[in-house]
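This report describes selected features of one protein structure, shown below. It begins with the aromatic side chains and then turns to the core, a helix, a strand and the backbone.

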Amino acid sequence: MKRCLLWTLVFMFSAACMIQAPAAETGGAGGEHTYRLVISDCSWTQAFQDAVDAGGYLVNIDSNEEYQHILQEINDAGASGTIFRIGGRRDPNSATYYWVDRNNNFTGEALNSPSYWAYSQWMIGEPSFQDGDIQECYMDMYYYQKEGRWVWNDVPDDIIPIVPSYSGRLGYIIEFESAAAQPSAPVTGASWQDAYKNFITDKAYLNSGQSFGNSLDGSSDGVSFALHDLNRDGTPELIIFNGEGVYASSANYLYRYENGKVTFTGDMPGSNYNPYFYIDDPALPGLFCSGSHTGSYWTDYYKMEGSSLVSEQVSQSVDNNTVVTDPQTGENELTETSRTSNDALYNAYLRIKNQTDGNSLSFYT
């Protein structure tokens, strides 16, 4: 069991915000835990990897008190319509579910055993292990109207192709072993120029709940910065690229200047040395951000809606990094396919990519 001295939930969806929750105790060994709720249409496998890349793991819920606290914060944030992936799964040849750690190894008791504390949290009739010919080996949680409560369920790895109507309603919960240090006071400035300068000079980003540098030891090596006005309001956002030289932990973190202070807005994952940005015309003020991990390559589009960072999937490579030879140049290139129903957005990405060669936003170290 975990003893949670501090709970912090970070939400990234259409109403992104950061919420400081009151302390809660669950008993057992000492420790502090933080949680990040992310809205994404990704598979369970991708959610698991994204959680590890962020320095945590898909949430393991070890007590009813912890569970109720998370549910309360979800409800308070208005996210009760989201279907959250959680860190439970089974092997395909097994009928027993377990929590998994950041190495994807089973840990603790069997989650679908009648003796487990949360056995009653399963939806009635679940786990079902499969739906027709479709294997269901992974766990999620959501509010089920017919039972009038939050329930646990077993589902396929990638559910969107099976239930397209779930698009935009999926998410996952990252759990971190220790509470991320927060700045003792917000970084302020009379102008965005002054505030960002103070933020960078004082290295306040090292205490903003993220991991930075070539390693996770607090070093700022490999950190670089860029400015871009994602919502065209005249005040640019500050983008910090973390982890140049770090395979699994690099990401791009976005901050904004609001009400005289620097505020964390959200992250734009892009691992394995590939934080490429493509800037489009004023009709599309956002950024196309490419990333890669273990043979998978992708590009997402990020924009601001008010003070919130939102994203849309744009493209991915085909067949895990399949290449084709360009008949004009003779060079090998990744084969890409669209991940969005917005053809205009995908075509804009291809046009800007070809025009800029994927390096139109300068970073400064």
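## Aromatic pairs

The structure holds 17 aromatic pairs; rings of Phe, Tyr and Trp (its six-membered ring) pair if their centres lie within 6.5 Å, and planes under 30 degrees apart count as stacked, over 60 as edge-to-face and the rest as tilted. Trp-117 belongs to the loop between β7 (106-107) and β8 (130-131) and Trp-152 to strand β11 (residues 149-155), so the pair ties together parts that are 35 residues apart in sequence. Helices (H or I, at least four residues) and strands (E, at least two) are DSSP runs, numbered from the N terminus. Trp-117 is partly exposed, with a relative accessible area of 27%, whereas Trp-152 is buried, at 0%. Buried means under 20% relative accessible area, exposed over 50%, and partly exposed in between (1.4 Å probe, protein chains only).

Trp-152 also pairs with Trp-122: their ring centres are 6.4 Å apart and their planes at 75°, so this pair is edge-to-face. Trp-122 lies in the loop between β7 and β8 and Trp-152 in strand β11, so the pair ties together parts that are 30 residues apart in sequence. Trp-122 is buried, with a relative accessible area of 4%. One aromatic cluster is formed by Tyr-67, Tyr-97, Trp-99, Tyr-116, Trp-117, Trp-122, Phe-129 and Trp-152.

## Basis of the model

This is a predicted model, in which local features need pLDDT of at least 70 and side-chain atom pairs count only at pLDDT 80 or more, while totals for chains, interfaces and linings use all residues. Residues are numbered from 1 along each chain as its sequence is written, and side-chain values use heavy atoms, with hydrogens and water left out.

## Nonpolar cores

A nonpolar core is a set of buried Ala, Val, Leu, Ile, Met, Phe, Trp, Tyr and Cys residues joined through side-chain atoms within 4.5 Å. The largest such core has 22 residues, and those with the most contacts inside it are Ile-74, Phe-84, Ile-86, Met-141, Trp-152 and Ile-173. Two or more residues each are given to this core by β3 (34-39), α2, β5, β10 and β11. Helix α2 provides the largest share, 4 residues. Apart from this core lies another, of 15 residues, among them Val-52, Ala-54, Leu-58 and Val-100. In soluble globular proteins, nonpolar side chains tend to be buried together.

## Helix α2

Helix α2 (residues 64-76) has 13 residues and reaches 18 Å from its first C-alpha to its last, close to the 18 Å expected at 1.5 Å a residue. The expected span is 1.5 Å times one less than the number of residues. The buried residues of α2 are Glu-66, Tyr-67, His-69, Ile-70, Leu-71, Glu-73 and Ile-74. Just after the helix, Gly-78 takes a positive phi of about 75°.

Strand β5 (residues 83-89) is mostly covered, with 7 of its 7 residues buried. Ile-83, Arg-85, Gly-87 and Arg-89 point one way from the strand, and Phe-84, Ile-86 and Gly-88 point the other way. In a regular strand the side chains alternate between the two faces of the sheet.

Two strands pair if DSSP finds at least two bridges between them. Strand β5 runs parallel to β12 (residues 170-176), joined by 3 bridges, and Arg-85 stands opposite Tyr-172 there. With β10 (residues 138-144), β5 pairs in the antiparallel sense over 3 bridges, and Phe-84 stands opposite Met-141. Strand β6 (residues 98-100) is joined to β5 by 2 bridges and runs antiparallel, with Arg-89 opposite Tyr-98.

## Backbone exceptions

Most residues other than glycine have a negative phi, and most peptide bonds are trans. A cis peptide bond joins Glu-126 and Pro-127, with omega about 0°; Pro-127 lies in the loop between β7 and β8.

Asn-104, in the loop between β6 and β7, has a positive phi near 65° and is partly exposed at 24% relative accessibility. Asn-259, in the loop between β15 (251-258) and β16 (261-269), has a positive phi of about 55° and is exposed at 74% relative accessibility.
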